[in-house]
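Here are some notes to read beside the model. Please keep the sequence and the structure open while going through the points.

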Amino acid sequence: MSAFTHLWNQIAPIGRAPGGGYLRYALTEPELTLRDWFRSQAARRDMLVTDDGNGNLFAWRGEPWAPGTILTGSHFDSVPHGGGYDGPLGIVSAFLAADKIDKSRKIAIAAFVEEEGGRFGVPCLGSRLLTGAIAPQQAAALEDRDGISFGAALGTTPAGAQLDKVKNLKAFVELHVEQGRALDVPVGVASAIWPHGRWRMDFAGVGDHAGTTRMEDRHDPMLTFAFTVLAANKEARLTGAHATVGRVQVEPNATNAIPSLVRGWLDARAADTATLDRLVDGVVRKATERAGRDGTSFSISPESVTGEVAFDTALADRLAKTLGDAPILPTGAGHDAGVLSAHIPTAMLFVRNPTGVSHSPAEYAEDADCEAGIDALAKVLEEL
């Protein structure tokens, strides 16, 4: 059994959902168990573990935040019923890559909190707090679907930005499973992250009886919502972008009642900011027009928006050359690396995903490709 398979098997059962995939929400029991596993792996390697007060863990080989330290790692949390590789692969690979390089090297391994935004709604929350991209009070007030705030789950108000420490780091390299089918070799290097965001859409109408209200007398927000979902799909196809409505809440959510409120979340992504703006503007225009015809109301508010991230070009080229002219490719998925890239040189390595499926129980990577990713990460850490 390879070192990767041995370590991977230790975490594979943690947070597995009965219906398939994983439920590893930030600061819930499965993710806390994985954080304990992180501490134990660091202890076995004589690495000191620190918590930055925002929920992010760091394992250090050398003095914490020492100038010239290379940071690697990823996150443990998952989307609802997500795959096992998105995030944890980067942490497992980081520990195994650290085993392969000289122990005199100053490296650190990160486990960032709430990268997916699956519990508190804001993706990359831990790295945003660390870099000052979100205020501690705002983050503390974020609530999950049970009304538990991030501050309550964390046990304190987050510490917030520590840019003086972050800027001591020489670079951050995040290894991640590729979330498409763009790789035909085991390992690639990231060039950029598409601009993307999440918008909450509220459709309000008049709740009424499904059996006694005449069709012509209805003000049904579900009709406006349904039209908007189709409009988002059309706008995305016309602009060459991506639009998804994957979460919805309905009030009163009764089979025999016309809804009074439908709330949905739009996830939109595009290759550039102008296209993303054009996509969202098109959705808003069509939803507003339809609401006028339906006698309903429509409002939209951004919950998180991230601009285009272009990783350090010279660094990406250097790493690709180090890895034998590995392919360089963009991604439509967001990552903590995208947040840190505004402050320090940052790069990403992708491990081949044979099906291209991600955020799904079917997400997968071959053990041999994962081992190639570990070797690549070790070479990169040595090179840097």
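1. This is a predicted model. A place to begin is a pair of side chains: those of aspartate 294 and threonine 224 are joined by a polar contact of 2.8 Å. Aspartate 294 belongs to helix H9, which covers residues 273–294. Its relative accessible area is 11%, and because buried means under 20%, aspartate 294 counts as buried. Leaving aside neighbours within four places in sequence, aspartate 294 is in contact with Arg218, His219, Asp220, Leu223 and Thr224.

2. Helix H2 runs over residues 29–44. Its 16 residues should span 22 Å at 1.5 Å a residue, and the end C-alpha atoms are 23 Å apart, which agrees. The buried residues in H2 are Glu31, Leu34, Arg35, Trp37, Phe38, Gln41 and Ala42. Seen down the helix axis, the buried residues of H2 fall within an arc of 155 degrees, so they line one face. The face turned away from that buried side carries the exposed residues Glu29, Ala43 and Arg44.

3. What covers the buried residues of H2? The cover includes helices H1 (3–11) and H3 (88–100), together with strands S1 (48–51), S2 (57–61) and S4 (107–112). Just after H2 comes aspartate 46, with a positive phi of about 55 degrees.

4. Some backbone angles deserve a look. Most residues other than glycine have a negative phi, and most peptide bonds are trans. Histidine 81 is not a glycine, yet it has a positive phi of about 55 degrees. Histidine 81 lies in the loop between strand S3 (70–75) and H3, and its relative accessibility of 34% makes it partly exposed. Aspartate 325 is not a glycine either, and its phi is positive at about 60 degrees. Aspartate 325 is found in the loop between helix H10 (313–322) and S14. With a relative accessible area of 66%, aspartate 325 is exposed, because the cut-off for exposed is over 50%.

5. A cis peptide bond joins glutamate 251 and proline 252, with omega about 5 degrees. Proline 252 sits in the loop between strands S9 (242–251) and S10 (257–258).

6. Strand S14 takes in residues 328–331. Leu329 and Thr331 are on its covered face, while Ile328 and Pro330 are on the uncovered one. S14 runs parallel to strand S6 (residues 187–193), and three bridges join the two strands. Opposite leucine 329 in S14 stands alanine 190.

7. Which residues have the most contacts inside the largest nonpolar core? They are Phe38, Leu89 and Leu349, in a core of 51 residues. H3 gives the most to this core, with eight residues. Apart from this core lies another, of 22 residues, including Ala110, Leu130, Leu169 and Phe311.

8. Not counting residues up to four places away in sequence, leucine 349 touches a list of residues including Val173, Leu175, Gly188, Val189 and Leu323. Ala376, Leu377 and Val380 are also among the residues touched by leucine 349. H12 (residues 367–383) has 17 residues and reaches 24 Å from its first C-alpha to its last, close to the 24 Å expected at 1.5 Å a residue.

How values were computed
Residues are numbered from 1 along each chain as its sequence is written. This is a predicted model: local features need pLDDT of at least 70, side-chain atom pairs count only at pLDDT 80 or more; totals for chains, interfaces and linings use all residues. Side-chain values use heavy atoms; hydrogens and water are left out. Helices (H or I, at least four residues) and strands (E, at least two) are DSSP runs, numbered from the N terminus. The expected span of a helix is 1.5 Å times one less than its number of residues. Buried means under 20% relative accessible area, exposed over 50%, partly exposed in between (1.4 Å probe, protein chains only). Two strands pair if DSSP finds at least two bridges between them. A polar contact is a pair of N or O atoms within 3.5 Å; within protein, one must be able to donate a hydrogen and the other to accept it, and residues adjacent in sequence count only if both atoms are side-chain atoms. Contact means heavy atoms within 4.5 Å. The arc is that of the directions from the helix axis to the C-beta atoms. A nonpolar core is a set of buried Ala, Val, Leu, Ile, Met, Phe, Trp, Tyr and Cys residues joined through side-chain atoms within 4.5 Å.
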